[in-house]
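Here are my notes for you on this structure. Have it open while you read, and look up each residue as it comes along.

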Amino acid sequence: MNSKDWYSDGKTELILDHKVFFKRAGKGESLVCIHGFPSSSWDFEAIWPSLTEQFDVLASDLIGLGKSAKPQQPLPISLQADIIEGLAIKSGIKAAHLFAHDLGDTVAQELLARQYEKSSKINWLSCVFMNGGLFPETHRALFIQKLLLSPLGPLIVKLMSEKSLKKSMTKIFSKAHPPTEEFIHETWKLTSENNGLSMLPRLIQYMEERRIYRERWVTPMENAVVPIRLINGIEDPISGKHAAARFDEVVPNADIVLLENSGHYPHVETPKEVLKAFFEFHDLL
């Protein structure tokens, strides 16, 4: 399914005064999918049909990305979590599983922190993380990410192009499964449209938030507030095998599936292996 088809049967909803694009399909227990930076819910396209065979799946574009609102304001993780909760409530969802990647991991950590603090508006049942900066001490940011985080961020986005996106993505995908031209082109279009590049320095503040809120966001994982599995593409230079090793150190009885020949986007690169690991985890619940 190309991105045009992906978005053609989605919907938009106004949540906290922000337009949110989302897709919902399937039946069964609810599953909320949260994508990463700087892409969109389209990342889940390859595994969507299989997920919707067994779950009532809700996937949205985070604020500042994809087809959701791109407001000229700070975009903290707390806002993204508020939007996810608000969309779930408006969709009639009271309990759901989580499936997250990259920036989505951090949003999921905030949602689980709320559950740990008994302030969550949704009863989260489990969480599967994919490659992301769960622990700031092991997150190896790309140079471009560091530039975006710096005061130079607004200038850097003016120099970005589809070519530079391809260069960055190729670095973090596995050698066996490099990003396709379609993935690069469509992700670039979705990221840059509607003045979207100006969102990137705002969004990437999550790297700083991870340091500030580390204890709060790691505590629910240490205390097993819900069953958790990590699916990790080990060739990812940002949060690959070294990040999985840290997960094993920090999380008691850590449940980890390591995927060879897979990088930062395992669900895009090796979707069959991701689905196998995901469904095996749920079969054990």
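1. Let's start with a word you'll need. A pocket here is an open set of grid points where a 1.4 Å probe fits, with protein on both sides within 12 Å along at least five of seven lines. Keep in mind too that this is a predicted model. With that word in hand, take the second largest pocket, which holds about 220 Å³ of space. It is lined by 15 residues, and those closest to its centre are W42, E45, T180, F183 and V268.

2. Where does that lining come from? Two elements give two or more residues to the second largest pocket: helix 8 (181-192) and helix 13 (266-269). Helix 13 gives the most, with three residues. Sorted by class, the lining of this second largest pocket has eight nonpolar, three polar and four charged residues.

3. Now for the largest pocket, with a volume of about 470 Å³. There are 23 lining residues in this case, and L142, I144, Q145, S164 and S168 are the closest to the centre. Helix 5 (143-149), helix 6 (153-159) and helix 7 (162-172) are the elements that each give two or more residues to the lining.

4. Which helix has the largest share of the lining of the largest pocket? That's helix 7, with seven residues. As for the classes, the lining of the largest pocket counts 16 nonpolar residues, four polar ones and three charged ones.

5. On to the strands. Strand 1 (residues 11-15) and strand 2 (residues 18-26) run antiparallel and are joined by five bridges. If you want a pair to look for, find L14, which stands opposite K19 in strand 2. The two strands make a hairpin with two residues between them. Have a look at L16 in that turn: its phi is positive, about 50°.

6. Strand 2 has another partner as well. Five bridges join strand 2 to strand 4, and these two also run antiparallel.

7. Is L58 buried or exposed? L58 counts as buried because its relative accessibility is 3%, and the cut-off for buried is under 20%. Leaving out residues up to four places away in sequence, L58 touches F22, K23, R24, L31, V32, C33, L87, A88, S91 and I93. For a sense of distance, the C-alpha atoms of L58 and A108 are separated by 14 Å, and the two residues are 50 apart along the chain.

8. One of the residues that L58 touches is C33, which brings us to the cysteines.

9. C33 is buried, with a relative accessible area of 1%. C127 counts as buried too, because its relative accessibility is 0%.

Notes
Residues are numbered from 1 along each chain as its sequence is written. This is a predicted model: local features need pLDDT of at least 70, side-chain atom pairs count only at pLDDT 80 or more; totals for chains, interfaces and linings use all residues. Side-chain values use heavy atoms; hydrogens and water are left out. Buried means under 20% relative accessible area, exposed over 50%, partly exposed in between (1.4 Å probe, protein chains only). Contact means heavy atoms within 4.5 Å. Two strands pair if DSSP finds at least two bridges between them. Helices (H or I, at least four residues) and strands (E, at least two) are DSSP runs, numbered from the N terminus. On a 1 Å grid over the protein atoms alone, a cavity is a set of points where a 1.4 Å probe fits but cannot get out, and a pocket is an open set with protein on both sides within 12 Å along at least five of seven lines; lining residues have an atom within 4 Å of a point. Grid points are joined across faces, edges and corners, and a volume is the space filled by probe spheres set on the points. Ala, Val, Leu, Ile, Met, Phe, Trp, Tyr, Cys and Pro count as nonpolar, Asp, Glu, Lys and Arg as charged, and the others, Gly among them, as polar.
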